[in-house]
There are 2 protein chains.
Amino acid sequence: MARKINFNAGPAALPLPALERAAAEFLDFAGSGMSVMEHSHRGKEYEAVHDEATALVKELLNVPENYEVLFLQGGATALFAQIAMNFLEKDTTAQYVITGAWGEKALGEAKAVAAMFGANIAVQNVGTGEGKEKSYTRVPAPSEVKVDPAAAYLHVTSNETIHGVEFGVDPSRAFPETGGVPLVADMSSDFLWRPLDVSKFGILYAGAQKNIGPSGVVVVVISKALIEKGRKDIPKIWQFRIHAENKSLYNTPPTFGVYMIRNVLSWLKDQGGLAGMERINRKKADRLYGVIDGSNGFYRSPVEKESRSVMNVVFRLPSEALEEQFIAEAKKAGMVGLKGHRSVGGIRVSTYNAVSYDWVDTLSKFMEEFQKGK
Amino acid sequence: MARKINFNAGPAALPLPALERAAAEFLDFAGSGMSVMEHSHRGKEYEAVHDEATALVKELLNVPENYEVLFLQGGATALFAQIAMNFLEKDTTAQYVITGAWGEKALGEAKAVAAMFGANIAVQNVGTGEGKEKSYTRVPAPSEVKVDPAAAYLHVTSNETIHGVEFGVDPSRAFPETGGVPLVADMSSDFLWRPLDVSKFGILYAGAQKNIGPSGVVVVVISKALIEKGRKDIPKIWQFRIHAENKSLYNTPPTFGVYMIRNVLSWLKDQGGLAGMERINRKKADRLYGVIDGSNGFYRSPVEKESRSVMNVVFRLPSEALEEQFIAEAKKAGMVGLKGHRSVGGIRVSTYNAVSYDWVDTLSKFMEEFQKGK
């Protein structure tokens, strides 16, 4: 059947050329007489893929020499615990700035680790309300974030997929200035959406399944200084040092996932790299927010303008019944993945790199027509 | 090009029908207009795959009702640490029976966890020699294993891929009888090679990339009683309880890997299930060991007969030069993956489920011819 217009929040749409490349050589990778997933992770065929994927991350993101790029497993959720395990010890403190549900999850895992090690967690939460009424509609301005200069690190979630709030889209909502404190960012849902100054961060990490590949791989960009600081008395599988020393081949990596990332990043480079991607992503977001803002309140974004995400555009309609109708009619028109997260409801349009402007334009026109019909 | 005869140790050969099934629907899964890896892990299309993979493990292995089947990430290496994290606490002891390099790795991670929690590890090592001279050529008989009835669990590696020793092939080398102590087995390289009485184990776990799928998924079969016993104060991502409660969907699973496992297990069922697979696997091993034992010492197995693995057949030739020549000539004949692990040298033939008797027979004939030429 025809290809669906896929606004899934993750796992999400992948660029068709990256998928077609994989399909074409699925049974016989590079004339080797076997699938890429049947190759040894220590053989030259896979090694070339692995090295190319690493090099593409470095090239696209302009990663400085004093950083390592790692491909690990367990998704961002595993990293929530792993980061705390590496850098917390007795009487140290880590800072968490919470702008949504993923930050809360990261915090929960860090608290468990802090309790094990006798460390502390300092929390700055920008949400309002409590419990089920908790609401996240913004990211803080840099001046709002109080950095403890003695903190082991300061953790942020660069883009909250459920709430649609994102750091760094508007200049007034840049990432916090942390001075000498390593800034650690979960970038699962906005990794590689645009150029970034990596040197401002101690660690970037991202589950691949939103912007750069299938689920099952988490990409970590980490400074060598932090790698050195990591604890040596925790299990090796959780030490960034071990993975860096072994080029992410300490244990068997998710080879097919890394291969797909290679294909996606190769496509991304063809789009003009991250500068080209940013132009497209901003154009997509402008189109959608334009419809919302021009709808006389029919479509309502709950997010403060300066904090609006370019990756996950969330909005409400006048009633839940209309939202259900919107989703059903969009589906009939070949568009899927529009239902908001079950915890907040409404509509969520995930517009990751692989989602084309044409797809977004088709949806935007649908939104305009849908409103006219009401 | 023609399909290679693939004896890789892992990632390893997969059944061609399972690969062809994936290739045919790679761009359009089940008429859904997208790849299976673009589907949400919470959508009905992926859910059906996930549930079928789970059901196939249960059916093939005849998993009792009081066990859960989980699909996790990080490979067996992550489980080395995770198991210890769940079940060790202050002043408890875990027992490790070491029959090779993978057992040593599991032990190393458990020791790190034990140190964190003030727990103890008791080790029974059946190897001989020390350091670089360390040699593993056997698994213990049940009577040799001294079980501490107070141990939190007793850990074994059912098959050591590097050394080619395996529990349970010969009746005299059955798994240890542990009474009330949970028996925990790393079955990465021999999971589902034959029927098994799961009720004798507390946990079975297996990285998928040898016998049942691509790398990036680890299958865990765990008793509900052990799940209940697991610590609740460790990060959620490492608690088996959390994954069981969430049907392995607590965080995004490696969806394409689980899909490939579904395809492989569906093929395995078509081979007559595990009883059928055992017949084929034993026939393959008999063929290879027959050539070795009939070679008047030209091919030498370092492994005691009762401990010989049916999954990884390791042997030496009269010289390293001949071994190199053997590997090179086999490669010319379309056979790859025969080089022994770098830590022990020699030849290793990995004969996992997807390696056909015909492939093994072709290699066996090659071995006979190679010897004649010397």
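Trainee: Okay, chains first: how many residues of chain B are in contact with chain A?
Mentor: There are 60 residues of chain B in that contact, and they meet 60 residues of chain A. Keep in mind that this is a predicted model.

Trainee: Which elements give two or more residues to chain B's side?
Mentor: On the side of chain B that touches chain A, those are α1 (16–24), α3 (75–87), α4 (101–117) and α7 (255–270) of chain B.

Trainee: And which of them gives the largest share?
Mentor: That's α4(B), with six residues.

Trainee: What scores does the model get for ipTM and pTM?
Mentor: Both ipTM and pTM come out at 0.98. For chain A, the average pLDDT is 97, and 100% of the residues score at least 70.

Trainee: Changing topic: what domains does the assignment give for chain A?
Mentor: The domain assignment lists domain 1 as 21–269 and domain 2 as 273–372. Their C-alpha centres are 26 Å apart.

Trainee: How many residues does each domain bring to the contact?
Mentor: Domain 1 of chain A brings 27 residues and domain 2 of chain A brings 24. On the domain 1 side, the elements giving two or more residues are α2 (44–61), β7 (165–166) and α7 (255–270) of chain A.

Trainee: How do the residues on that domain 1 side divide?
Mentor: Where domain 1 of chain A touches domain 2, eleven are nonpolar, eight polar and eight charged.

Trainee: Back to chain B. At what angle do α2(B) and α7(B) cross?
Mentor: Their axes cross at roughly 45° and come within 9 Å. The two helices are therefore oblique to each other.

Trainee: Is that crossing left-handed or right-handed?
Mentor: The crossing of α2(B) and α7(B) is left-handed.

Trainee: Which residues make the contact?
Mentor: From α2(B), they include B:Tyr46, B:Val49, B:Ala53, B:Leu56 and B:Leu60. Among those from α7(B) are B:Val258, B:Tyr259, B:Ile261, B:Arg262 and B:Leu265.

Trainee: How many of the contact residues are nonpolar, and how many polar or charged?
Mentor: In the contact of α2(B) with α7(B), eleven residues are nonpolar, three are polar and three are charged.

How values were computed. Residues are numbered from 1 along each chain as its sequence is written. Chains are lettered from A and ligands numbered from 1 in the order in which they are written. This is a predicted model: local features need pLDDT of at least 70, side-chain atom pairs count only at pLDDT 80 or more; totals for chains, interfaces and linings use all residues. Domain bounds come from an automatic or database domain assignment. Two residues are in contact if their C-beta atoms, placed from the backbone, lie within 7 Å. Helices (H or I, at least four residues) and strands (E, at least two) are DSSP runs, numbered from the N terminus. Ala, Val, Leu, Ile, Met, Phe, Trp, Tyr, Cys and Pro count as nonpolar, Asp, Glu, Lys and Arg as charged, and the others, Gly among them, as polar. pLDDT is the predictor's confidence in each residue, from 0 to 100. Axes are lines fitted to C-alpha atoms, for helices over the stretch in contact, and angles run from 0 to 180 degrees between N-to-C directions. Angles under 35 degrees count as roughly parallel, over 145 as roughly antiparallel, 65 to 115 as roughly perpendicular and the rest as oblique. A crossing is left-handed if the near helix is turned anticlockwise from the far one by less than a right angle, and right-handed if clockwise.
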